Structure formats: structure tokens, C-alpha cells
Amino acid sequence: MSKVEAFLSQEEEQEIISAIRVAEKNTSGEIRVHIEATSEKNHDDRSLEVFHMLKMNNTKDENAVLIYVAVKDKKFVIYGDKGINEVVPDDFWNTTKDVMQNHFKLGDFKQGLVAGILKAGEELQEHFPWQIDDEDELSNEISKG
Ligand code: CA
Ligand code: CA
């Protein structure tokens, strides 16, 4: 078992994937989670790199969101594509960050991710409501680095 896989049990991973599915029922936005142990790069730079590595910049409305977590570094970044940034205020992700932070502080890593995903979905819903012709443009699986 790699270090990264040790952070989440199989069951917890499924709960996170389910949360993404639920969140994406309300919004056309696409949410992905990337987990790794640590990064030597600045976490903001690294999240951008992962965003492109996962080809998350290829959605129709440019409304994908990456939740990047470096578990050992105790850092996370929420990175949204430009379609989102064009229509939301700068502090748009603060409520989602707070929700995640509160769970992480209590040591509940899985619940932090689940709650963050659901919150991100709610926040996106207002600007990018789910549409009848919606496609699941990006995989809901967790990416591990
Ligand atoms: Ca979609
Ligand atoms: Ca998806």
C-alpha cells in the first residue's frame, strides 16, 4: 500500500466519489479530488500543475474545480477554472475552505473532503445550474499523486 492510499480506506474513497456524484447532480461544474503526500513546490503552483495534468481545463464551460490536498503538508487548495472566476467574487471558495478546515482540524480527513465537495457543488449551483443535457465531462475517481 502506497503512502497515499493509506490516507483513505476503500470505503472512504467510495464515499468521496459518491459525494462528487451528488454534487454534480446540482451543477454542470465538474469536481475532482487529487491527493498526494507532499509537494516540494508551492501548493498553489502544484494545484495548477495537477489541474492541467488531469486535463481539467477542457470542460465546455471552463467550470471544473480541483480540490488538491497534500496530506503530510497539511495543505489544501481549491482551484477553479476561468469560467468560474469570471463570474464569482474573489472570496467565492472561502465558505468551502472553512467547511473543510473545520473537519480537518478534528482529524476527519474523509468528512472534510465529503463536506467540501458538497459545499462546492452548492456554491457552483447558483452560477452553473445542472442542465438537462449535462455530461459527466471529468472522471469522479480520486486522483492520487
Ligand atoms: Ca457535468
Ligand atoms: Ca465528474
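In this predicted model, strand 2 and strand 3 (residues 75-80) pair in the antiparallel sense, over six bridges. The two strands form a hairpin with four residues between them. K74 lies in the turn and has a positive phi of about 55°. A70 stands opposite K75 of strand 3.

Strand 2 (residues 64-70) also pairs with strand 1, here in the parallel sense. Seven bridges join strand 1 and strand 2. On this side, I35 stands opposite V69 of strand 2. Strand 1, helix 2 (residues 43-53) and strand 2 make a β-α-β unit, and the unit is right-handed.

These pairings belong to an open sheet of four strands, ordered 3-2-1-4. The pairing within the sheet is mixed. Strand 3 and strand 4 stand at the edges and have a single partner strand each, so one side of each is left without a neighbour in the sheet.

Burial along strand 2 was examined next. The strand is mostly covered, with seven of its seven residues buried. In a regular strand, side chains alternate between the two faces of the sheet. In strand 2, A64, L66, Y68 and A70 point one way. V65, I67 and V69 point the other way. Both sets are buried.

Helix 4 (residues 94-105) lies across strand 2 and strand 3. Helix 4 runs at about 160° to strand 3. Helix 5 lies across strand 1 and strand 2. The angle between helix 5 and strand 1 is about 155°.

The model also contains two calcium ions, ligand 1 and ligand 2, which are 5.7 Å apart. E30 coordinates both. The calcium ion (ligand 1) is coordinated by E30 (OE), D134 (OD), D134 (OD) and E135 (O). The distances at this site are 2.2 to 2.8 Å. Along the chain, the donors of ligand 1 follow the spacing E-x103-D-E. The pair E30 and D134 links distant parts of the chain, 104 residues apart. E30 belongs to strand 1 (residues 30-36). D134 sits in the loop between helix 5 (109-127) and strand 4 (143-144). The accessibilities of this pair were also computed. E30 counts as buried because its relative accessibility is 1%, under the 20% cut-off. D134 counts as partly exposed, at 25% relative accessibility.

The calcium ion (ligand 2) is coordinated by E24 (OE), E24 (OE), E30 (OE), D136 (OD), L138 (O) and N140 (OD1). The distances here are 2.2 to 2.7 Å. Angles among the six donor atoms range from 51 to 170°, and the site is irregular. The donor spacing of ligand 2 is E-x5-E-x105-D-x1-L-x1-N. Accessibility was computed for these donor residues too, including D136 and L138. D136 counts as partly exposed, at 48% relative accessibility. L138 has 10% relative accessibility and therefore counts as buried. E30 bridges ligand 2 and ligand 1.

Conventions:
Residues are numbered from 1 along each chain as its sequence is written. Chains are lettered from A and ligands numbered from 1 in the order in which they are written. This is a predicted model: local features need pLDDT of at least 70, side-chain atom pairs count only at pLDDT 80 or more; totals for chains, interfaces and linings use all residues. Side-chain values use heavy atoms; hydrogens and water are left out. Donors are N, O and S atoms within 2.8 Å of the metal (3.2 Å for Na, K and Ca); water is not among the atoms, so sites may look incomplete. Buried means under 20% relative accessible area, exposed over 50%, partly exposed in between (1.4 Å probe, protein chains only). Four donors count as tetrahedral if all angles lie between 85 and 135 degrees; four count as square planar and six as octahedral if opposite donors are over 155 degrees apart and all others between 65 and 115; anything else is irregular. Two strands pair if DSSP finds at least two bridges between them. A crossover is right-handed if, with the strands pointing away from the viewer, the path from the first strand over the helix to the second runs clockwise. Contact means heavy atoms within 4.5 Å. Axes are lines fitted to C-alpha atoms, for helices over the stretch in contact, and angles run from 0 to 180 degrees between N-to-C directions.
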